Amino acid sequence: MTITRRQLLILLPAAAVAWESVLAGTPETSPNYTMTDHWWSMLIDIPKCIGCGNCVRACQAENDVPDGFFRTWVERYHVDDWHLANPQVISPDGGKEGFPVAKEDEGKYFFVPKLCNQCADSPCTQVCPVGATFIAPDGVVLVDQKYCLGCAYCVQACPYGCRYVHPQKKVADKCTLCYHRITKGLTTACCEACPTGARQLADLKNPNDPIHAFLKTHSVQVLKPQMATGAKVFYNALDGSVR
Amino acid sequence: MRIFKDAGHLFRLAGLFAAGTLLFLVIRSFIVPRSFGQYGHYRGAAIAEIAAHPIHFAGHQTCETCHSDIAQTKSGGKHAQVNCEACHGPQAKHADDPSIDPGKPDTAVLCVRCHAASAARPNDFPQVDAEQHAGGVPCQTCHQPHSPAIGAGGAK
């Protein structure tokens, strides 16, 4: 069979279109989990946090986070009387092994657990030049580590300092809100390990989630609201000195 | 057609352009991952890949399917809301294969992590100066960790 030049020119684009559709394949489906049915967030109840560091250790164990790097960490604030603008903040090894004993004095102390705020308008996903980080349809900000170049633009863009470049993989890494757990109906490792219930995973799309009643009756704040990141980690009783 | 007279070079250029476009599309179809753009400007398959990571914490519901007696003891005590793996650490391997030793938590480290007296902790949270309180006697001599109030569940 011979193909004329004219036939070839007609056939090639048709073949390219067909090949495209073959490559696209069928979308992968996860059993019993529909992404669009969820909109994940977390509630942090500051008065309940005792600074034990369980969440930090649990996160490192669950997600193989290298030493010295943190997907979640705990900060201890000490605000001396009225000096809200100059809090003393410590976080020894991310609070992994707890905190040194504090002596009673004029000031006040409190713990602030931090993690990725799972922003709905996240600066980190906006700056990624290759589409390696993204907001999944269920509201979780994830990193495609096979696609990431390790340029670290996102590390600089995150106003909360929640990202780092993995020292071995050389790609961006961050809290996935234990995506491998929440899609299986489990809670996050940090919430599972928190002894006081200071951290609660919440699904804003689930009308029966206790977060709705909580938000109705408590003064709740997100970190750096002026940055309009659409942060979805809600802090109860957050002090004005927290950055 | 008079209009196309002397336009041969334009057709050749257009043909070259079309061939270039075609080449671009073919190369692009090989380079761009198949699921890119499925949900947005990213590789859709990455979501399933991240969701497939192995779990390390089994979750207290899993623990309680076998250790219902401990769950019972715990439910009436002060540690009712403290999940198993908060003290026992990640136990997914033990849950998958009960013959794997879950290890015994070290109460000397664990108890004080939460209960060592510190002005930084919330006032209503039970805390002690371990040295003053017990003088080196291990916590579990008096307090049964699963239900720590003295007399509740008994000393172990």
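Predicted model: local features only at pLDDT ≥ 70, side-chain atom pairs only at ≥ 80, totals over all residues.
Some conventions. Local features need pLDDT of at least 70, side-chain atom pairs count only at pLDDT 80 or more, and totals for chains, interfaces and linings use all residues. Residues are numbered from 1 along each chain as its sequence is written, chains are lettered from A in the order in which they are written, and side-chain values use heavy atoms, with hydrogens and water left out.

I start with the interface. On chain A, 55 residues are in contact with 44 residues of chain B, contact meaning heavy atoms within 4.5 Å. The two chains bury about 4100 Å² between them, and 61% of that is on carbon and sulfur atoms. Buried area here is the accessible area (1.4 Å probe) lost when two parts are put together, summed over both.

Next, salt bridges, defined as a side-chain nitrogen of Lys or Arg within 4 Å of a carboxyl oxygen of Asp or Glu. A:Lys146 and B:Glu49 form a salt bridge at 3.4 Å, N to O. Another joins A:Asp67 and A:Lys96 at 3.0 Å, N to O. That pair links distant parts of the chain, 29 residues apart: A:Asp67 is in the loop between helix 2 and strand 2 (72-79), and A:Lys96 is in the loop between strand 3 (88-90) and strand 4 (108-115). Helices (H or I, at least four residues) and strands (E, at least two) are DSSP runs, numbered from the N terminus.

Finally, chain B by itself. Its domain assignment, automatic or from a database, gives domain 1 (8-51) and domain 2 (60-141). The C-alpha centres of these two domains of chain B lie 55 Å apart.
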